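This report is written for a reader meeting the structure for the first time. It goes from one side-chain pair to the two chains and then to the contact between them.

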Amino acid sequence: MSVMVDIRSVHKSFGTLDVLKGIDLQVRTGEVTVVLGPSGSGKSTLLRAINHLEKVDRGAISVGGTLIGYRRSGDKLYELPEREVLKQRTRIGFVFQDFNLFPHLSVLDNVIEAPVSALKRPRKEAVDDARRLLDRVGLADKADSYPGQLSGGQQQRVAIARALALKPKLLLLDEPTSALDPELVGEVLDVIKDLAGQGATMIVVTHEIGFAREVADTVVFMADGRIVEQGPPAQVLDDPRSERTQAFLSKVL
Amino acid sequence: MSSDTLAKVPVDPQIPPERAETLRIVPHRRFGQWTAAVVVLVLLGFAVDSVLRNDAFQWDVVADCFTADSVLRGLWLTLWLTAVVMVLGFALGALLAVFRLSANPVLRAVSWGYVWLFRSIPILVQLLLWFNIGALYPHVFGVKTVDLFSPIAVAIIGLTLHEAAYAAEVVRGGILSVDRGQIEAAQALGLSRWRRLWRIVLPQAMRSIVPPAGNMLIGALKGTSIVSVIAVSDLLFSAQLIYHRTYQVIPLLMVVTIWYTVVTSLLGVGQYYVEKHFARGTKAAR
């Protein structure tokens, strides 16, 4: 299978704090990669770097064979103008921990905003698509509601539909259930599982070990800005080699 | 209160459950409040009485002049001058706010400097400076400066530059009030910088911009009366022209007062609906 995401020796620091200390990671098309790790391990930063919300200090990230955020010429990387980066981002869906739906726009307007304004698709077509997507996340009847009228779980499902509206080839989910009340976690995970079942390429940062075991093709364990261990869930979760992973799993399981 | 004082309170400690429903609650009588209300109402009554029975107010003259042609023309000038100044002031102010929040240090410094300068100069001093600008630059683009800077042009320029400095801060505060995650979400969706500002940030910023902007609008409406010093015939100046001729100073000032009150009240009503519009999707709207 082809490689969708190729991350090569990525470094990133915030001031004197080194958040990513040389990350190498490949994600194959159609696979689900779940990133686990204690808070501060750099997993969210890595995810944000993939769609260039965070600029890296060293290293390179490509998605679908295209270098993200830069143009390479010889051994130099030239930063792309924002317009180009924005175009690249329309091929990568991003779902935030706290949803970040636009509160002043209806659910439908949230979903069609990017297809209409960034991809210049005809409004009618975008609306039809949006209604299909809302139906798929089980919220067909909420199209005219405002985000504030929905539960956290419903908001996150709208956020997923909004990300899918761009027909991305890669979906990044940053702790999609961490801001939810416990009884609402399931409905969001179900939607993500459903997408995984349909062959979407996803990278999910999460603390849901059960979800990782069930859905992930690869589990990546990060700590202190490095990838400590990666492999199939059965290996990383049930038979971890590193002590760091063992210690983490013994606390969360 | 110690437990033995509590024990001395002479109430029936045991309320039988079947009686609890029939007990009547007697509100505490607030005699102080009643006294204060009566005193204030009496004082107010004296004030109203003194106004109504004081012939010097000349209410008949007020009624005659209220809709006099020159007064209405003055009112019209006040209204459109306010509208022009607010629109131009907020356009320039929004630009300054965007400069101030930009990544470019030169734009940030220019915006900061502008706000600092124009908030420092009293509007009256500024109007007089523009009015006398011909002394500094006798000709602009080959035209005589005094022809270019008519009183009304001076009024528009001076008031706009003044309002823009305040509008810049109001708009900047509004933009800063929008959650950072909103901008990130818009960036992640590939929305252009312009689209992010117009579609995502500004509509949400409006919720915190409208109340101070309403204040500014009402302030600007009354503030335009300052242009009477450079002989622009606004509402106040038109009234002054009449009373300089007739010496009916107080009645004409009452005409002006009533008109300003009427327009300000209408603006307040308008602000209510504008606020309601921009509260879409928030708890306040439901």
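## A salt bridge within chain A

In this predicted model, the side chains of A:Glu175 and A:Lys43 form a salt bridge, with 4.0 Å from N to O. A:Glu175 sits in the loop between strand 9 (170-174) and helix 6 (182-197) of chain A, and A:Lys43 sits in helix 1 (residues 43-50) of chain A, so the pair ties together parts that are 132 residues apart in sequence.

Side chains of opposite charge can pair when their charged atoms come close. Over all chains, the structure holds 25 salt bridges.

## Chain A

Chain A has 9 helices and 12 strands. Its radius of gyration is 18 Å, close to the 18 Å that the globule rule gives for 253 residues, so chain A is as compact as a globular protein of that length. The C-alpha trace of chain A spans about 50 × 45 × 35 Å along its principal axes.

An unreviewed UniProt entry places the feature "domain: ABC transporter" at residues 5-249 of chain A. That span is 37% helix and 28% strand, and its end C-alpha atoms lie 26 Å apart.

## Chain B

The secondary structure of chain B consists of 13 helices and 2 strands. Chain B has a radius of gyration of 28 Å, whereas a compact globule of 286 residues would have one near 19 Å. Along its principal axes, the C-alpha trace of chain B spans about 100 × 70 × 35 Å.

For chain B, an unreviewed UniProt entry lists "domain: ABC transmembrane type-1" at residues 75-268. Over residues 75-268 of chain B the chain is 79% helix and 2% strand, and the end C-alpha atoms are 18 Å apart.

## Listed transmembrane regions

Which residues of chain B does UniProt list for "transmembrane region"? The unreviewed entry gives residues 34-52, 77-99, 111-131, 216-237 and 249-274 of chain B.

Two of these spans can be described further. Residues 34-52 of chain B are 100% helix and 0% strand, with the end C-alpha atoms 27 Å apart. Residues 216-237 of chain B are 50% helix and 0% strand, and here the end C-alpha atoms are 22 Å apart.

## Where the chains meet

How many residues does the contact take from chain B and from chain A? It takes 22 residues from chain B and 26 residues from chain A. Between them, the two chains bury about 2100 Å², with 55% of that area on carbon and sulfur atoms.

The rule finds 5 salt bridges across the interface of chain B and chain A. In a salt bridge between the chains, the side chain of B:Arg199 meets that of A:Glu113 at 2.9 Å, N to O. The interface of chain B and chain A also has 9 residue pairs in polar contact, both residues being at pLDDT 80 or more. On the side of chain B that touches chain A, the elements that give two or more residues are helix 10 (180-188) and helix 11 (193-223) of chain B. By class, that side of chain B has 7 nonpolar, 7 polar and 8 charged residues.

Conventions
Residues numbered from 1 in each chain as written. Chains lettered and ligands numbered in written order. Heavy atoms only, no water. UniProt positions renumbered as here; feature names shortened; annotations may be inferred. Helix = DSSP H or I, 4+ residues; strand = E, 2+ residues; numbered from the N terminus. Contact = heavy atoms within 4.5 Å. Buried area = accessible area lost by both parts, 1.4 Å probe. Polar contact = N/O pair within 3.5 Å; in protein donor to acceptor, adjacent residues only side chain to side chain. Nonpolar A, V, L, I, M, F, W, Y, C, P; charged D, E, K, R; others polar. Rg over C-alpha atoms; globule rule 2.2 N^0.38 Å.
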